[in-house]
Amino acid sequence: MTAKRMFSALEKFGALPLFVGFAVETDDLIENAKKKLADKGVDFIVANTAADGFGSDDTHAVLVDRAGVEDPGPTTKAALAERILDRVAERLAGQKSQTE
């Protein structure tokens, strides 16, 4: 099932959940992440290059959504995971306040 078909099916149950995509790119990191954001219909993409993130506790990834690009810079994988969860919590809090 494609992501778009899955989202369409979930719409029948009311409010959509939040979807985060992940992408490993070999070139044109931000451009390719923006394309995947549009193609997959996710809320945001966490993207890194193939050279960043494998075989180390450190990584460098960008968070891409329709509003723009956030580059937290080189960091640990644990810190990046916390930033992703913070972004999810911010989005869910925004969704909740819009429905109240």
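**Exercise 1.** In which sense do β4 and β5 pair, and over how many bridges?

*Solution.* The structure shown is a predicted model. Strands of a sheet may pair either parallel or antiparallel, through backbone hydrogen bonds. Here β4 and β5 pair in the antiparallel sense, over three bridges. Within this region, Val 64 stands opposite Val 69 in β5.

**Exercise 2.** Determine the strand order of the open sheet, and identify its edge strands.

*Solution.* Step 1: the sheet consists of four strands in the order β1-β2-β4-β5, with mixed pairing. Step 2: an edge strand pairs on one side only, which holds for β1 (20-25) and β5 (68-70). Step 3: on average, neighbouring strands of this sheet are turned by 25° against each other, direction ignored. Step 4: α2 packs on the sheet and touches β1, β2, β4 and β5. The direction of α2 makes about 150° with that of β2.

**Exercise 3.** Which residues form the largest nonpolar core, and which element gives the most to this core?

*Solution.* Step 1: in soluble globular proteins, nonpolar side chains tend to be buried together. Step 2: the largest nonpolar core has ten residues, namely Phe 19, Ala 23, Leu 29, Ala 33, Leu 37, Val 42, Ile 45, Ala 47, Val 62 and Val 64. Step 3: at least two residues of this core come from each of α2 (29-40), β2 (44-49) and β4 (61-65). Step 4: α2 gives the most, with three residues. Step 5: a second, separate core has eight residues, including Leu 18, Ala 61, Leu 80 and Ile 84.

Terms used:
Residues numbered from 1 in each chain as written. Predicted model: local features only at pLDDT ≥ 70, side-chain atom pairs only at ≥ 80, totals over all residues. Heavy atoms only, no water. Core = buried A, V, L, I, M, F, W, Y, C linked by side-chain atoms within 4.5 Å. Buried < 20%, exposed > 50% of the residue type's maximum accessible area, 1.4 Å probe, protein only. Pairing = 2+ DSSP bridges. Axes fitted to C-alpha atoms, helices over the stretch in contact; angles between N-to-C directions. Contact = heavy atoms within 4.5 Å.
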